Amino acid sequence: MILIPKVLLDLFDDHYECAFLLGKRVREYWIVDALAFVHAEIGKSFRCIPPLRHDVIGVIHSHPEEHSGLDKEASKAWSVYLIKTGRALRGFEQGMPSEVILL
Ligand SMILES: [Zn+2]
């Protein structure tokens, strides 16, 4: 299960199309407590090796359509992978669909 403050999501919506998720694992939860915004070309953004920082737990990005096959592959590389499509937010943990809770 993934927990993210709504205020971070609003900030993301207003300004960016992708960001790194900073946070931590607490019991069965992934808790997002900050975003590190990046300028990247959607479609190529997250085909990168996850950085070796313990606090970078994943990525978030937005696109106008449903997630793609590319997302399915890319999401496996991250503990947390979030996709914003319009008002919908989808979450994945290591490539598997996961519930996302707004705080
Ligand atoms: Zn995508």
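**View 1. Strands E2 and E3 form an antiparallel pair joined by eight bridges.** Strands here are DSSP runs of E with at least two residues, helices are runs of H or I with at least four residues, and both are numbered from the N terminus. Two strands count as paired if DSSP finds at least two bridges between them. The model is predicted: local features require a pLDDT of at least 70, side-chain atom pairs count only at pLDDT 80 or more, and totals for chains, interfaces and linings use all residues. Residues are numbered from 1 along each chain as its sequence is written. Across this pair, leucine 21 stands opposite leucine 35 in E3, and phenylalanine 20 stands opposite alanine 36 in E3.

**View 2. The hairpin of E2 and E3 has two residues between the strands.** Arginine 27 is located in the loop between E2 and E3. This residue has a positive phi of about 50 degrees although it is not a glycine. A residue is described as buried if 20 or more other C-beta atoms lie within 10 Å of its own, exposed if 12 or fewer do, and partly exposed in between, with C-beta atoms placed from the backbone. Arginine 27 counts as exposed because it has 6 C-beta neighbours inside 10 Å.

**View 3. Eight strands make up an open sheet with mixed pairing.** The strand order is E7-E6-E5-E4-E2-E3-E1-E8. Strand E7 (96-98) and strand E8 (100-102) are at the edges and have a single partner strand each, so one side of each is left without a neighbour in the sheet. From one strand to the next, the twist averages 30 degrees. Axes are lines fitted to C-alpha atoms, for helices over the stretch in contact, and angles run from 0 to 180 degrees between N-to-C directions.

**View 4. Strand E2 (residues 18-26) also pairs with strand E4 (residues 56-62), in the antiparallel sense and over five bridges.** Leucine 22 stands opposite valine 56 in E4. Alanine 19 has isoleucine 60 as its bridge partner in E4.

**View 5. Strands E1 and E3 pair in the parallel sense over two bridges.** Leucine 3 has isoleucine 31 as its bridge partner in E3.

**View 6. Helix H1 (residues 6-15) lies across several strands: E1 (2-4), E2, E3 (29-37), E4 and E8.** The helix runs at about 35 degrees to E3. Two residues are in contact if their C-beta atoms, placed from the backbone, lie within 7 Å. Leucine 35 touches Leu8, Leu11, Phe12, Ala19, Phe20, Leu21 and Leu22, leaving aside residues up to four places away in sequence.

**View 7. The largest nonpolar core contains 19 residues.** Such a core is a set of buried Ala, Val, Leu, Ile, Met, Phe, Trp, Tyr and Cys residues joined through C-beta atoms within 7 Å. The residues with the most contacts inside this core are Ala19, Leu21, Leu35, Val59, Ile60, Val80 and Tyr81. At least two core residues are supplied by each of E1, H1, E2, E3, E4 and strand E5 (80-85). Strand E2 provides the largest share, four residues.

**View 8. Alanine 36 is found in strand E3.** With 13 C-beta neighbours inside 10 Å, alanine 36 counts as partly exposed. Alanine 36 touches Ala19, Phe20 and Leu22, not counting residues up to four places away in sequence. Between alanine 36 and isoleucine 60 there are 10.0 Å in space, C-alpha to C-alpha, and the two are 24 residues apart in sequence.

**View 9. Glutamine 94 lies in the loop between strand E6 (88-93) and E7.** Glutamine 94 is not a glycine, yet has a positive phi of about 50 degrees. Because 13 other C-beta atoms lie within 10 Å, glutamine 94 is partly exposed.

**View 10. The protein chain as a whole contains two helices and eight strands.** From the N terminus on, the elements run β-α-β-β-β-α-β-β-β-β. Of the 103 residues, 25% count as buried. Among contacts between residues at least 6 apart in sequence, 48% join residues at least 24 apart. The predictor's confidence in each residue is given as pLDDT, from 0 to 100. The protein chain averages a pLDDT of 86, and 86% of the residues score at least 70. Confidence is lowest in helix H2 (residues 69-74), at a mean of 86, and highest in E1, at 98. Where pLDDT is low, the predicted coordinates should not be read in detail.
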